[in-house]
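Keep the structure open beside the text as you read.

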Amino acid sequence: MATIKDVSRLANVSISTVSRVINKSANVAPEKEQAVLKAMKELNFQPNSFAQALVNKRSNCIGVLVGDLCGGPFFAQMMRGIEDVILPEKKYVIVMSGNHNHDREKDCIEALLLRRCDALIIHSKALSDDELIEFNQSGIPMVFVNRLVNSLEDRSVWVDITAGMADAVRHLIAKGHRKIAYICSDDATFADEKDRMAGYKQALEEAGIEFDPNIVSAAFPDENGGYRAIESLLMRDAGFTAFVAYNDAMAIGAISALTDNNIAVPGQVSAVGYDDNPISNYIKPKLTTVRYPIEEVGKRAATLALSLLYDRAEEFNWRWPLKFAPVLIEKSSVAQVKPEDGEKKPARKTAKK
């Protein structure tokens, strides 16, 4: 492999001049810069990124902590948004997953700091605000995604999850539904679940509908969990005409369970999901859902991280809001309750086909 000495010899300039061209650390006479660039090309010279990091005190890497790399399209969409901003800046992305586990999230952040990342974009649900505030004192620019961190509001890019769930329930109420079930995550301590439950209760209270724990069913937030959660409601003979789900995966599983029990969606039970997972467009009926703008959140977080890195935060603050609002996307899984139907119960659980 060619070395910096080989480049300086071919370009007929000093090693320090080659170094300045590579690191863009000082002005170099145009003719010398061109000679260095030409020599680098002829020799296929690749600068040592670690050596550059030592000189510039930058690694040209942005560290990203996500929740789960294998848990569906949510984090893939977030990463698409981040890379759309970071890669054109000639920087690279290092990704680690915390799996919403306290010790693992902490270890991942420490590893990214040890890797000398220029900035971090952190999706943490297991660490406390105090722990994130302590990490933020490292001197490395940090942006927190999908979370409003106390005292770090200017570094938090977040979505009003509660408002999104409330809109989903209001939509069903506007269609005449009064017995609206909620299939939720079985981790009631999870911040996202708390926010969704708050939105569910808020919309019911606004409409004068009493919260009924008998039509709330918890399970792991995936398709299998949704299937089991709705089956549990059917076993209880809970009597609901619609349901909202913690996410689209649970909603899809629930629709499958209803179909297996000869219950028509939306003819007998209406359904609303959350996230606007692309797969929601390819099931029957197409799933009415709440769009969670995670790709836009990723772009905004990456833009903020770069603005902090390059000390452009003041310019960023007046141009870009940090709070996003979810949007209800109406498709075909919700039906109007006919006045003559009243509060008709769905069919009881039947033998599977």
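## Aromatic pairs

The structure holds 5 aromatic pairs; here rings of Phe, Tyr and Trp (its six-membered ring) pair if their centres lie within 6.5 Å, and planes under 30 degrees apart count as stacked, over 60 as edge-to-face and the rest as tilted. In one of them, the ring centres of phenylalanine 74 and phenylalanine 75 are 5.0 Å apart with planes at 85°, so this pair is edge-to-face. Phenylalanine 74 also makes an edge-to-face pair with tyrosine 292, at 5.2 Å centre to centre and 70° between the planes. Phenylalanine 74 belongs to helix α5 (residues 73-86) and tyrosine 292 to the loop between β10 (289-291) and α12 (294-309), so their pair ties together parts that are 218 residues apart in sequence. Helices (H or I, at least four residues) and strands (E, at least two) are DSSP runs, numbered from the N terminus.

Ring pairs link Phe74, Phe75, Tyr274 and Tyr292 into a cluster. Are phenylalanine 74 and phenylalanine 75 buried or exposed? Both are buried, where buried means under 20% relative accessible area, exposed over 50%, and partly exposed in between (1.4 Å probe, protein chains only). Phenylalanine 74 counts as buried because its relative accessibility is 18%, and tyrosine 292 is buried with a relative accessible area of 5%.

## How to read this model

This is a predicted model, in which local features need pLDDT of at least 70 and side-chain atom pairs count only at pLDDT 80 or more, while totals for chains, interfaces and linings use all residues. Residues are numbered from 1 along each chain as its sequence is written, and side-chain values use heavy atoms, with hydrogens and water left out.

## Charges over rings

Rings also meet charged side chains here. Arginine 196 lies over the face of tyrosine 246, 4.3 Å from the ring centre. Lysine 201 has its charged end over the ring of phenylalanine 211, at 4.6 Å from the centre. A charge sits over a ring if NZ of Lys or CZ of Arg is within 6 Å of the ring centre and within 35 degrees of the ring normal.

## The open sheet

Which order do the strands of the open sheet follow? The 6 strands run β2-β1-β3-β4-β5-β11, and the pairing is parallel; two strands pair if DSSP finds at least two bridges between them. At the edges stand β2 (92-97) and β11 (323-324), each with a single partner strand, so one side of each has no neighbour in the sheet.

Strand β5 (residues 156-159) is joined to β11 by 2 bridges, and the two run parallel. Tryptophan 158 stands opposite lysine 323 in β11.

## Valine 265

Valine 265 is placed in the loop between α11 (248-260) and β9 (270-272). With 14% relative accessibility, valine 265 counts as buried. Beyond its neighbours within four places in sequence, valine 265 is in contact (heavy atoms within 4.5 Å) with Ile255, Leu258, Ala271, Pro285 and Ser333.

## The whole chain

The protein chain has 13 helices and 12 strands. Of its 353 residues, 48% are buried. Among contacts between residues at least 6 apart in sequence, 67% join residues at least 24 apart. Taken along the principal axes, the C-alpha atoms fill a box of roughly 90 × 40 × 35 Å.
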